Amino acid sequence: MNLVTKEIRLQPANNKRLISLCGPLDDNLKQLEYQLRITINRYNNFFRLIGPSISVEIATDVLVSLYSETESEYGTINDINPEQMYLTVKKIQILKKKSKCIKEVSNTSVRIETKHGIIKPRTENQAQYISNIFNHDITFGIGPAGTGKTYLAIAAAVDLLERQKNKHIILTRPAIEAGEKLGFLPGDLHQKSDPYVRPLYDALFNIIGYERVEKLIQKKIIEVAPLAYMRGRTLNDSVIILDESQNTTITQMKMFLTRIGFRSTVIITGDITQIDLPSNQSSGLEHAIKVLPIIKDISFNFFNKEDSVRHSIVTRIIDAYEAWDSNKNILSMSCNKYENSCK
């Protein structure tokens, strides 16, 4: 492998900003070195990067971009952490593959504004997903773990609520493990449903805070319930999110979609590689993908492993499972050919 050396000097030289960029004990630079398999030598604001050409190019863009973010518009210093370093590398890698510069995402007009801050898309697919949520009656977000499907859906719902575009947020999931009945579990509805909808609560707490979520639930502005409790209702003036939709049956998906009332926005998320239904039941999400694209006001958004914004190992896990499934299918085809040749 051919290695290149590149030298950059970050301006203006500012020790506080450089400490923020590099992190305590240069932890951020170590993260960058590990992720791109390069070597970084630094003296004050002078950096020497050694590694594969494309990796050095990406690292240069990351350092320049994040150094500019260390200073806020009010003159204070913004801290940079290893996670932000990792996500910025991912973003620039994707943009490089599509021959786009870093400013395309950082300056995009597609974003979600809440009272707790601004949430920006990390990838082009996420930006398109947010745009479709705001411009379609029904939006599907389909893809593997960690691609932001649920988090961005809830953030968009909070934005619509705060802008008074909708009056309620309704979050639901199929409680597949309990056969959608839940009657044998102890406690009231909230206690029965809590194990199944906990990830939705976690996203809400992260976006608008625990106390505000509790107040909005008490006022019935936010409602979290298993899918079984949607039957027979008509949901008006609401943002309705169906999470883990791959675990709905065809009948349940049809039931949910026909609950939609006037002035409502619906977001449906799921991962068709993680279906937990019994083998004799078809997934309502897989069926919807085949049946509903002909309807104009429904958008389908498909994410891939490059949209993952979790720990880098998540992407490698997805790769491993995809490779296993691919090899398993090849082996199955080979066995079938062998059996047919013996008949």
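Two strands count as paired if DSSP finds at least two bridges between them. Strands (E, at least two residues) and helices (H or I, at least four) are DSSP runs, numbered from the N terminus.

## About the model

This is a predicted model, in which local features need pLDDT of at least 70 and side-chain atom pairs count only at pLDDT 80 or more, while totals for chains, interfaces and linings use all residues. Residues are numbered from 1 along each chain as its sequence is written, and side-chain values use heavy atoms, with hydrogens and water left out.

## The six-stranded sheet

Let's start with the parallel sheet. Its six strands form an open sheet in the order S8-S7-S9-S10-S6-S11. Strand S8 (222–226) and strand S11 (298–302) are the edge strands, each pairing on one side only. From one strand to the next, the twist averages 15 degrees; axes here are lines fitted to C-alpha atoms, for helices over the stretch in contact, with angles running from 0 to 180 degrees between N-to-C directions.

S6 has parallel partners in S10, over five bridges, and in S11, also over five bridges. Phe 140 stands opposite Ile 268 in S10 and opposite Phe 300 in S11. Ile 268 also has Leu 242 opposite, where S9 (residues 238–242) and S10 (residues 265–270) pair in the parallel sense over four bridges. Helix H7 (residues 149–162) packs on this sheet, touching S6 (138–142), S7 (168–173), S9 and S10, and its direction makes about 165 degrees with that of S10. Contact means heavy atoms within 4.5 Å.

## How enclosed is S6?

Buried means under 20% relative accessible area, exposed over 50%, and partly exposed in between (1.4 Å probe, protein chains only). Five of the five residues of S6 are buried, so the strand is largely enclosed by the rest of the structure. Ile 138, Phe 140 and Ile 142 cover one side, with Thr 139 and Gly 141 on the other.

## The three-stranded sheet

A second open sheet has three strands in the order S1-S3-S2, with antiparallel pairing. S1 (3–9) and S2 (39–43) stand at the edges with a single partner strand each, so one side of each is left without a neighbour in the sheet. Seven bridges join S1 to the antiparallel S3 (residues 46–52), and Arg 9 stands opposite Phe 46 in S3. Helix H3 (residues 53–69) lies across S1 and S3, running at about 150 degrees to S3.

## Salt bridges

A salt bridge is a side-chain nitrogen of Lys or Arg within 4 Å of a carboxyl oxygen of Asp or Glu. By this rule the count comes to nine. One of them joins Arg 48 to Glu 7, with the closest N and O atoms 2.8 Å apart. This pair links S3 with S1, across 41 residues of chain. Arg 48 is partly exposed at 31% relative accessibility, as is Glu 7 at 44%.

Another salt bridge brings together Arg 212 and Glu 162 (3.0 Å, N to O). Arg 212 lies in helix H9 (residues 210–218) and Glu 162 in helix H7, 50 residues apart. Glu 244 and Arg 173 meet in a further one (3.3 Å, N to O), linking the loop between S9 and helix H10 (250–257) to S7, 71 residues apart. Here Glu 244 is partly exposed at 27%, whereas Arg 173 is buried at 13%. Shared partners join Arg 173, Asp 243 and Glu 244 into one network of salt bridges.
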